[in-house]
Amino acid sequence: MNAPISRRTVTASLLAGAAALGTAGVAHAVPGSAAGRRPRPDKPTVVLIHGAFADASSWSGVVERLQRQGHRVLAPALPLRDLASDAAYIRSVLDGVTGPVVLVGHSYGGAVISQAASGASHVKALVYIAAFVPEVGESALALTDKFPGSTLGQATVAQTYPLPGGGQAEELVIRKDLFRDQFAAGVPIRTAQVMAAGQRPITLAALQERATAAAWKTIPSWYLVADRDRNIPPTAERWMARRAGAHTVAVDAPHAVSVSDPEPVTDLILRASRSVRHGR
């Protein structure tokens with residue numbers, strides 16, 4: 001496991017990422033960045049998709065490292081309303097990218113990338129970070145329940161939100177007093193408090209919706225197992241990775257592994273990127 005990064009560094013990074021996303025909706029590499037490296041045309045674009053109870057700033061540490069390696073990076077904000085529309089939105093982001101793409105999903109974002117990448121010929125690699133890898137007909141909730149070990153149900157509360165056509169639906173959030181233990185164990189307390197305050201609710205319907213595509217069947221995949229995950233059982237993660245034939249690594253980390261351990265997350269993405277550049 002890599003050496004811990006400081007509380008001040010992570011908190012500042014999260015707040016800076018959140019501020020940038022608040023206006024643009026997408027974080028991306030820009031010429032003349034602090035890293036002093038321009039995106040290199042010989043490297044694929046990396047698109048990072050966050051999951052439930054997080055936002056795109058959860059990728060901040062990974063984005064910085066990828067930019068230092070000369071990658072162009074996109075980290076769009078995911079609506080978390082339903083799988084079909086979430087995947088359609090990410091597909092629209094992908095359609096705006098020229099050249100090869102390494103598509104990365106965390107948690108529920110794994111289900112989204114599996115569907116969004118279907119038929120997208122320029123997506124050359126899928127990287128799952130403690131994520132769902134559903135088969136057609138499977139839902140995120142069904143995959144969670146397939147193996148024991150998740151404590152997410154006890155840590156979440158339901159709240160209602162209005163539907164555009166009238167009526168109400170249900171969405172879930174993690175209780176703030178349980179957020180760190182459930183989602184980000186080991187992350188500095190103040191950083192976890194910032195994450196809990198900015199968590200994005202996910203609808204119950206999105207977690208129950210069955211996948212209609214499984215791009216991992218035709219696109220090479222990589223998987224990072226978070227061995228201290230309390231949202232998705234690590235046994236479920238290993239099983240999904242094995243079924244997908246993914247190149248797999250394991251990290252002693254919580255569900256929010258991109259925040260707690262951005263180095264191994266970045267390393268796995270770079271491995272996928274190198275395979276694209278080398279034509280494997």
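So, burial to start with: in this predicted model, buried residues make up 53% of the 280 residues in the chain. The chain exposes about 11700 Å², and carbon and sulfur atoms supply 53% of that area. As for secondary structure, you'll count 12 helices and 10 strands. And if you take the contacts with a separation of 6 or more, 74% of them come from residues 24 or more positions apart.

Okay, the inside. The largest nonpolar core has 59 residues, and the members touching the most others are Leu103, Tyr108, Val123, Leu126 and Phe183. There's also a second, separate core of 25 residues, with Ala125, Leu224, Leu270 and Val276 among them.

Let's stay with Leu103 for a minute. Where is it? Leu103 sits in strand 4, residues 101-106. Is Leu103 buried or exposed? Its relative accessible area is 0%, so we call it buried. What does Leu103 touch, once you leave aside neighbours within four places in sequence? The list runs Val47, Ile49, Leu94, Ile113, Ala117, Val123, Ala125, Leu126 and Val127. Take Leu126 from that list: it's 23 residues away from Leu103 in sequence, yet their C-alphas are 5.0 Å apart in space. Ala125 is on Leu103's contact list too, and Ala125 is one of the residues in that second core.

Next, a pair of helices. Helix 3, residues 83-95, and helix 4, residues 108-116, have axes that come within 8 Å and cross at roughly 65 degrees. The crossing is right-handed. Who's actually meeting whom? From helix 3 you've got Leu83, Ala84, Asp86, Ala87, Ile90, Arg91 and Leu94, and from helix 4 Tyr108, Ala111, Val112, Gln115 and Ala116. Sort the residues of that contact and you get 9 nonpolar, 1 polar and 2 charged.

Last stop, helix 2, residues 60-68. Why do I say helix 2 is largely enclosed by the rest of the structure? Because 7 of its 9 residues are buried. Those are Ser60, Gly61, Val62, Val63, Arg65, Leu66 and Gln67, so look for Arg65 and Gln67 as well as the valines when you zoom in on the buried part of helix 2. After helix 2 comes Gly70, and its phi is positive, near 90 degrees.

Definitions and conventions. Residues numbered from 1 in each chain as written. Predicted model: local features only at pLDDT ≥ 70, side-chain atom pairs only at ≥ 80, totals over all residues. Heavy atoms only, no water. Core = buried A, V, L, I, M, F, W, Y, C linked by side-chain atoms within 4.5 Å. Buried < 20%, exposed > 50% of the residue type's maximum accessible area, 1.4 Å probe, protein only. Contact = heavy atoms within 4.5 Å. Helix = DSSP H or I, 4+ residues; strand = E, 2+ residues; numbered from the N terminus. Areas by Shrake-Rupley, 256 points an atom, 1.4 Å probe, with all protein chains shown as cover. Axes fitted to C-alpha atoms, helices over the stretch in contact; angles between N-to-C directions. Left-handed = near helix turned anticlockwise from the far one by under 90°. Nonpolar A, V, L, I, M, F, W, Y, C, P; charged D, E, K, R; others polar.
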